[in-house]
Amino acid sequence: MPSDCPSIDLANDRFVSGAYSLRNAREAEAFYRVWADDYEDHMVGELGYCSPRLVAERLIRHLGDTAAEVLDVGCGTGLTSELLSERGFRSIDGIDLTVSMLEKARTRGIYRKLIQADLNKPIDLPERSYDAMVSSGTFTCGHVGPEPLDELVRLLRPGGLLSFSIHMDIWEPAGFRATLDRLVEHGQLACVERELDRFFESLEPAGWFFVYRRL
């Protein structure tokens, strides 16, 4: 496992340790293709993965308009958007690297559109396409670094909200803090909420949960 990844009680879990050890998009796509069918039962049912719910709840707290157009960044099987859908949001698009995860997300029947794309590359969407974004479990060890944040800001409309989580062990070493500070200093984002919270119900808080507003 890379040295910048967390040493947690779940380190011996085959899925969690495998996810944290991913090194590039090719490995990530292959990994989640294998795990797509078991992902939710294992992560939520067995391990108590709660980050998607907490990310969605934070967006809902600051966004009252259920007609808002929302992009689920690194949507996986759709855990985060499921709660948004339950709260009345209907214009939700999802974007993810792995086709098999997107296929699982499609079965929920909650997405307006699903997009297969590598977040580390430019996204083929027009600027100011969305009123809000959510992202859970995407910005973590072995997944996606801070590089896509500029592109995501491009896709947000003025006043739009971005609710997401970042594991605290990579918050500074991986450059997330520096990137977000730059976006704030350049007048592109403002921090609305920042809180340390848990990714798994049975463990101590291990990640920063944010809501930023596009200026």
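This is a predicted model: local features need pLDDT of at least 70, side-chain atom pairs count only at pLDDT 80 or more; totals for chains, interfaces and linings use all residues.
**The chain as a whole**

The protein chain contains eight helices and seven strands. Of its 215 residues, 54% are buried. The accessible surface comes to about 9700 Å², and carbon and sulfur atoms account for 46% of that area. If you look at contacts in the chain with a separation of 6 or more, 67% of them involve residues 24 or more positions apart.

Now let's look inside. In soluble globular proteins, nonpolar side chains tend to be buried together. Here, the largest nonpolar core has 31 residues, and Leu59, Leu63, Val70, Leu84, Phe89, Tyr111 and Phe200 have the most contacts inside it. At least two residues of this core come from each of α4 (51-62), α5 (79-86), α6 (99-106), β4 (130-139) and β7. Helix α4 supplies the largest share, with five residues. A second, separate core has 29 residues, including Leu152, Ile166, Phe176 and Tyr212.

Which strand pairs with β1, and in what sense? The partner is strand β2 (residues 92-96), and the two run in the parallel sense over four bridges. In β2, Ile95 is the bridge partner of Val73.

**Helix α5**

Helix α5 has several buried residues: Thr80, Ser81, Leu83, Leu84 and Ser85. The buried residues of α5 pack against α4, β1, β2 and β4. One of them, Thr80, has a relative accessible area of 6%. Leaving aside neighbours within four places in sequence, Thr80 is in contact with Pro52, Val55, Ala56, Asp72, Val134 and Ser136. Just after α5, Gly88 takes a positive phi of about 105°.

**An aromatic cluster**

How many aromatic pairs does a search of the whole structure find? The answer is nine. Two of these pairs share Phe210, and the table sets them side by side.

| Pair | Arrangement | Centre to centre | Angle between planes |
|---|---|---|---|
| Phe164 and Phe210 | stacked | 5.4 Å | 25° |
| Trp208 and Phe210 | tilted | 6.5 Å | 35° |

Phe139, Phe164, Trp171, Phe176, Trp208, Phe210 and Tyr212 form one aromatic cluster. Trp208 has a charged neighbour as well: the charged end of Arg194 sits over the ring of Trp208, 3.9 Å from its centre.

Our last stop is Asp197, which is found in strand β6 (residues 189-197). Is Asp197 buried or exposed? With a relative accessibility of 15%, Asp197 counts as buried, because buried means under 20% relative accessible area. Not counting residues up to four places away in sequence, Asp197 touches Leu54, Arg58, Pro205, Ala206, Gly207 and Phe209. Asp197 and Met168 are 29 residues apart in sequence, and their C-alpha atoms are 9.7 Å apart in space.

Note on methods. Residues are numbered from 1 along each chain as its sequence is written. Side-chain values use heavy atoms; hydrogens and water are left out. Rings of Phe, Tyr and Trp (its six-membered ring) pair if their centres lie within 6.5 Å; planes under 30 degrees apart count as stacked, over 60 as edge-to-face and the rest as tilted. A charge sits over a ring if NZ of Lys or CZ of Arg is within 6 Å of the ring centre and within 35 degrees of the ring normal. A nonpolar core is a set of buried Ala, Val, Leu, Ile, Met, Phe, Trp, Tyr and Cys residues joined through side-chain atoms within 4.5 Å. Buried means under 20% relative accessible area, exposed over 50%, partly exposed in between (1.4 Å probe, protein chains only). Contact means heavy atoms within 4.5 Å. Accessible areas come from the Shrake-Rupley method with a 1.4 Å probe; for residues, only the protein chains shown count as cover. Two strands pair if DSSP finds at least two bridges between them.
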